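Hi everyone, thanks for coming. Have a look at the model on the screen, and I'll walk you through a few of its features.

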Amino acid sequence: MFRPKVPTMPQPTGPAAPPAVVEPTTITPSAPAPPQAPVTPVPTRSAVRLTPGAALALVGGGTGVILVVGAVLVSMLLAVALTATSVAVCAVVIRSVLTRR
């Protein structure tokens, strides 16, 4: 009952088709291709240059992201701490009520 049943591979039922005959292809020489036009090289881009305004915006944006992520993490830590404190207070109250009986 608990042993798995392995399916068997089905056998082909009809006659198999004979393999198709492949005709060899011949290669015919063609006219030579015309020479390609010379390609002008694209000038490579130099390193990114930051203006003082762009650098200041980049630093400000990074600082803003760090502050937002920090605020979110601190608020999550505060939520966990408040939940743990409330659970501990509830446990103490329930314990004191049960011991008074």
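**A walk along the chain**

Let's begin with Ala81, which sits in helix 1. One thing to keep in mind as we go: this is a predicted model. Is Ala81 buried, partly exposed or exposed? Its relative accessibility is 38%, so Ala81 counts as partly exposed, because that class lies between the 20% and 50% limits. Now look across to Gly14. Ala81 and Gly14 are 67 residues apart along the chain, and 74 Å separates their C-alpha atoms.

Next, please find Thr99. Helix 1 covers residues 52-100, and Thr99 is part of it. Thr99 has a relative accessible area of 61%, so we call this residue exposed; the cut-off for that word is over 50%. What does the side chain of Thr99 reach? It comes to 3.0 Å from the backbone oxygen of Ser96. And if you compare Thr99 with Gly53, which is 46 residues away along the chain, you'll find 69 Å between the two C-alpha atoms.

Let's move to Val68, another residue with its place in helix 1. Val68 comes out at 54% relative accessibility, so it counts as exposed too.

Now let's zoom out to the whole chain. How many helices and strands does the chain have? The count is 1 helix and 0 strands. The radius of gyration is 39 Å, whereas the globule rule gives 13 Å for 101 residues, so the chain is more spread out than a compact globule.

What about the inside? Buried residues make up 0% of the 101 residues. The chain exposes about 10,600 Å², and 72% of that area is supplied by carbon and sulfur atoms.

That's my tour, so please ask away!

Methods
Residues are numbered from 1 along each chain as its sequence is written. This is a predicted model: local features need pLDDT of at least 70, side-chain atom pairs count only at pLDDT 80 or more; totals for chains, interfaces and linings use all residues. Side-chain values use heavy atoms; hydrogens and water are left out. Helices (H or I, at least four residues) and strands (E, at least two) are DSSP runs, numbered from the N terminus. Buried means under 20% relative accessible area, exposed over 50%, partly exposed in between (1.4 Å probe, protein chains only). A polar contact is a pair of N or O atoms within 3.5 Å; within protein, one must be able to donate a hydrogen and the other to accept it, and residues adjacent in sequence count only if both atoms are side-chain atoms. The radius of gyration is taken over C-alpha atoms; the globule rule is 2.2 Å times the number of residues to the power 0.38. Accessible areas come from the Shrake-Rupley method with a 1.4 Å probe; for residues, only the protein chains shown count as cover.
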